[in-house]
Protein chains: 2
Amino acid sequence: MTDAMTRRTNERILLAHGGGGLLMKELVELIVGRLGASGAGPLQDSATLPVDRGRVAFTTDSFVTSPLFFPGGDIGRLAVCGTVNDLAMSGAKPAWLSLSFILEEGFLFEDLERVLDSIAAAAREADVAIVTGDTKVVERGKADGLFINTSGVGIVPPGVELSSAKARPGDAVLLNGPVGAHGLAILSRREGIDFGSELESDCAPLSLLTVPLLERFTTVRAMRDATRGGLASILNEIAADSGVCLRLDERTIPVPEAVRRACELMGYDPLHIANEGKFVAVVGREEADGALAFMRSHPLGAAAAIVGEVTERPAGTVVLRTLFGGERVVDVPYGDILPRIC
Amino acid sequence: MTDAMTRRTNERILLAHGGGGLLMKELVELIVGRLGASGAGPLQDSATLPVDRGRVAFTTDSFVTSPLFFPGGDIGRLAVCGTVNDLAMSGAKPAWLSLSFILEEGFLFEDLERVLDSIAAAAREADVAIVTGDTKVVERGKADGLFINTSGVGIVPPGVELSSAKARPGDAVLLNGPVGAHGLAILSRREGIDFGSELESDCAPLSLLTVPLLERFTTVRAMRDATRGGLASILNEIAADSGVCLRLDERTIPVPEAVRRACELMGYDPLHIANEGKFVAVVGREEADGALAFMRSHPLGAAAAIVGEVTERPAGTVVLRTLFGGERVVDVPYGDILPRIC
């Protein structure tokens, strides 16, 4: 049976597409073809890759986003950007991604192809190669359409040694742009809530900004992207790991008006909402203005801001000076604010 | 709320355990603690790793095994061995694994801990470090208890260049032991079929055998482990990629009596059944006897055999000389023989 024949008789994923036989071969060929890869099978069981110099960075993320398609992105773009961003935050230049699908029996090929196109486009944008992969199929009702795992390998240039334990009193806290849109865009689509505005995911490959940033500035101590748990979680981690206080100024934190309104409506704190294209860099005071100017010169940092500074005490805390001049401790959310936003 | 308090009030996974807040932190701490890791957080978002020399091998696999626990193993041991084996087959010494969980809301902590213990034990056995991880939780009914993705990085020693396209006429085909037990053990447990014998998964980290094998023998052309699609699939891939014929002798292929009987009962071909601790090595004729003796001296190759040889024609096929002296073409299964055996 030819590929075309199989597809004509069935436009949905079968259990047999995960079974290691000819049908799985067809599925893998569809995936490899759709990713625009050429030559001798880029999706090998195990790819071997040359490393010239520097250390290797290695990361993994599974994506269970619901819905699969949302304003500003989809699970495919998210799966590429999420793993690229984890590598970027470690100071690495992302190089290779793996791609593993768990498909539910009955999933539409049409949707799979749409996700694959999005993955291919995001990988091109981020300048990473997808070099190995895997597919599994489970029975109808045993998954939710499509889950994706991407793992990533990157190269950390010699001399780059970022750590959330390296923030020191006097350092500046930089943020590359407005927070809160990603989580609310997904919530809006999933729950059918209209926040009366165009909220779009900010999902983007941050390495395009972080790699040149690290080439130019040598006092970047730590970088973290504000995903699940939002800005509040990563700032608290840096404060705890470094044994310092991060003091923020609410006036300087960019929160889009649509995010502010939606959060008021739902009772959320914008600092708890997940993003997929926002990160914090803790930078030595002497380079803070230069780093800010560089970020603002880049499309992914056009609305960057210095949102706070590092002080000694109270160690391990994040303190926010509010719009009204008061102070409050920024806490970590207890559980999930918005499940399945990544 | 303390860790102990949370656990007392709830012995099951909550959606909130995936939300990026304090509960997710508790879950990650449980995982890290249970894996027996020490020091500064081995499960970082992205681990950075030193590479001295050689090329890097990189692979990924998602595991959706049903049931999670089966004779001879469980999804945790499988997740470690499966990825270790993919690296081993590329000629690499496995070094680092990532570990990503997709948990269904309501999954028992008790079962998670059992799986974690099994992962820790298998990682020790295989001498690999779990260096980065991720957890996601989806609503009840949106997954099947637990899915695991492991990705792996290994180092390919200088000079090792395996490829399924390198088999040449005259080479010998070595198999490290009896086939068919893994798939049937899982089927037996899942469907409650008693095959009247103790079928146990052969799940094992093959690098323990392949790394020293490659140090001693320089004419190993290709190695492949016989997972989904069984021995038949990997032999056909080697035959196709190398443009050669693999001629097997059925008398030399070790098939346990219990596997033979179960296959007869169910109408399966033992060569189509998945394994998780069996591999084929194509070796130059001049080293075949030495490589066989070495494999037999190792616990993972005690019942190894030379099961066939490489000939020129018919190119791209696998031909089996049967027990009765006839010949048949060994085909690739069309779809799934046994779904969710890995």
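Reader: What percentage of the 342 residues in chain A do buried residues make up?
Author: This is a predicted model. Buried residues account for 63% of the 342 residues in chain A.

Reader: And how many helices and strands does chain A have?
Author: Chain A contains nine helices and 14 strands.

Reader: Which share of the contacts with a separation of 6 or more comes from residues 24 or more positions apart?
Author: In chain A, such residues account for 86% of those contacts.

Reader: Changing topic: where does Pro94(A) lie?
Author: Pro94(A) belongs to strand E5, which covers residues 93-104 of chain A.

Reader: Is Pro94(A) buried or exposed?
Author: Pro94(A) counts as buried, because its relative accessibility is 4%, and the cut-off for buried is under 20%.

Reader: Which residues does Pro94(A) touch, leaving out those up to four places away in sequence?
Author: Among them are Val84(A), Leu87(A), Ala88(A), Val128(A), Val153(A) and Val211(A). Pro94(A) also touches Asp127(A); these two residues are 33 apart along the chain, and their C-alpha atoms are separated by 7.9 Å.

Reader: Lastly, how far apart are the mean positions of the positive and negative charges of chain A?
Author: The mean positions of the 33 positive and 45 negative charges lie 2 Å apart.

Definitions and conventions. Residues are numbered from 1 along each chain as its sequence is written. Chains are lettered from A and ligands numbered from 1 in the order in which they are written. This is a predicted model: local features need pLDDT of at least 70, side-chain atom pairs count only at pLDDT 80 or more; totals for chains, interfaces and linings use all residues. Side-chain values use heavy atoms; hydrogens and water are left out. Helices (H or I, at least four residues) and strands (E, at least two) are DSSP runs, numbered from the N terminus. Buried means under 20% relative accessible area, exposed over 50%, partly exposed in between (1.4 Å probe, protein chains only). Contact means heavy atoms within 4.5 Å. Lys and Arg count as positive and Asp and Glu as negative; His and the chain ends are not counted. The place of a charge is taken as NZ of Lys, CZ of Arg, CG of Asp or CD of Glu.
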